[in-house]
Each structure stands twice: as C-alpha cells, then as structure tokens.
Amino acid sequence: VIFTWPLMLYPKSMVISRQFDIYTFSWMVHIAPSLNDFHTTLSNWPIGQTLNRSDSLLMLLFAFALNGTIDPWLFVTIMAFVGVISSIWAAEQFAREAWNIKAPHSYLCGLFYGLSGISIITILEGPWYLLFVPWLPLIGTSTTKFIEEPNHKRGALIIIFWVLSMIRSEE
C-alpha cells in the first residue's frame, strides 16, 4: 500500500505514469468487450486493426474476462496492486520452498523482488503489465517440486506458468 499510495487515494482518477502506455492500456480495457477476433475498427480507420500483437495478451484476456464490468482506470489500478502483491508472494514462496529460507528472511526476498527498482520505473513509465511478474518464481518453485517428486500436475504447472510469462508481454 505504501509503495502505491497515490493509487490508494485516487484509484479511478490518478495517473502517475509519465508515458502514454497507460492511456493505450486503459483504452484496450475499455474496448475489450466490443472486440471480435482481436480486431477493432476503432483504430487504423477505415480498415481497423488487429490486436493479436498487443503489448500484453494476458492483460487483454483479463479485460475480456471482466467484459466491461469495471472502469478501465480502476482496472489499471487493481493490476498495479495485484501485480506487485502477486510478485512479492511468488518470490517469497520460491525462497521458502526452493531455497529453504525461513521467515522473516523469505519475506525480505519477496519484498526485494516485488518492490524492486524495476517496479518503480514501471509505474512511472507506464507499461503496467510488467508489474505482473510472478511467473519466474512460480516456474522456479514448480520446477523444484517437480525435481523432488515428478508428476503430471507439477509438470503442467511449469508449462502453464511458462505460457503465462510468454503472453504477459511481447517484449
């Protein structure tokens, strides 16, 4: 909460980003319910544009799932919180389960990962989907568990987390 305090005070109207990525991201959330086959006629008039090269297919899928039930600015704010918190949690789990680090040191590992300098730069620069990065620690935790006791469920989790990390950002 302290890390993202401006968003707590004004979740639907505060724009703390210095770049334009946040505006296109909120626009994408706004038009997601009206998209057919990842194509919109609201840009690149008159032929429209495909969104299958969107900056973040994962965020576009979240926007599809919400189907316009949430304000686009509130969605961006929620993604900032969920992204940072999920990254902290995943890194803490990885430190505890893969490296056998006990609390409170495992909490520090999570905090250092989730609240790193890249998170601050991401909030200021605008590509908010980059805040949602729990996938690498989740892949590490799943791989460690798979090595200890191989089974289909753990192998499937590794694949799922890898796919989610790939569609999070095209970069």
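Good morning. Of the 171 residues in this chain, 40% are buried. Please keep in mind that the model before you is a predicted one.

Let me turn to the overall build. The chain holds eight helices and two strands. Read from the N terminus, the order of these elements is α-α-β-β-α-α-α-α-α-α.

I shall now consider one pair of helices. Two packed helices are described by the angle between their axes and by the distance between those axes. Our pair consists of helix α4, residues 72-98, and helix α5, residues 105-114. At what angle do α4 and α5 pack? The angle is about 140 degrees, and the axes are 7 Å apart. An angle over 145 degrees would count as roughly antiparallel, and one of 65 to 115 degrees as roughly perpendicular; α4 and α5 are therefore oblique to each other. Their crossing is right-handed.

Which residues of α4 and α5 meet? On the α4 side, they are Val84, Ser87, Ile88, Ala91, Glu92, Ala95 and Arg96. The α5 side contributes Ser106, Tyr107, Cys109, Gly110, Leu111, Tyr113 and Gly114.

Thank you for your attention.

Conventions:
Residues numbered from 1 in each chain as written. Predicted model: local features only at pLDDT ≥ 70, side-chain atom pairs only at ≥ 80, totals over all residues. Heavy atoms only, no water. Helix = DSSP H or I, 4+ residues; strand = E, 2+ residues; numbered from the N terminus. Buried < 20%, exposed > 50% of the residue type's maximum accessible area, 1.4 Å probe, protein only. Axes fitted to C-alpha atoms, helices over the stretch in contact; angles between N-to-C directions. Parallel < 35°, antiparallel > 145°, perpendicular 65-115°, else oblique. Left-handed = near helix turned anticlockwise from the far one by under 90°. Contact = heavy atoms within 4.5 Å.
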